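Thank you all for coming.

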Amino acid sequence: MTQRNIDVMDIIVSKMAEGAKFSKALKLVYTKRKVCIPYNAKYRDVSLMDLGMGGRTTNSLFRGNLKTIGDVVSFCGDKKITDIVNLGKSSGVELFEAILDYCWAHMSKDERTEFLIDTVERNSEYIKADIV
């Protein structure tokens, strides 16, 4: 890992220590992001209602018969989330960030460390110029 990536990782961790959610901390340091959702089977049955999204996004997902994180993962295997009626790009981003933050909050310390390192290494080309 380069010193620049270590510096970015420190910024992300410090922003989260200040109370920022993981997805928000990433937005602060990257112009765009390539982030894998740290999904595994233990999150499959988590209701989308538990993710704290806005009513428009949640209602659109429910009308599209997506009620759990597992439903979203299955749906996205075949289609784009924006194929759901009334679910635009910003709602798709809201959903992605909500799932990301939920999964992050439920990872072990070791899982978080591994995921953070992977995320920083994947995104080294997208670091905002004014960060480091």
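Predicted model: local features only at pLDDT ≥ 70, side-chain atom pairs only at ≥ 80, totals over all residues.

**Salt bridges in this model**

Let me begin with Arg 33, which is partly exposed, with a relative accessible area of 30%; here buried means under 20% relative accessible area, exposed over 50%, and partly exposed in between, computed with a 1.4 Å probe on protein chains only. Residues are numbered from 1 along each chain as its sequence is written, and side-chain values use heavy atoms, with hydrogens and water left out.

The structure holds five salt bridges, a salt bridge being a side-chain nitrogen of Lys or Arg within 4 Å of a carboxyl oxygen of Asp or Glu. One of them joins Arg 33 to Glu 97, with the closest N and O atoms 3.6 Å apart. Because Arg 33 lies in the loop between α2 and α3 (55-63) and Glu 97 in helix α5, this pair ties together parts that are 64 residues apart in sequence; helices are DSSP runs of H or I, at least four residues long, and strands are runs of E, at least two, numbered from the N terminus.

Glu 97 itself is buried, at 13% relative accessible area, and it also forms a salt bridge with Lys 27, where the closest N and O atoms are 3.1 Å apart. Lys 27 sits in helix α2 (residues 22-29), 70 residues from Glu 97, and is partly exposed at 33%.
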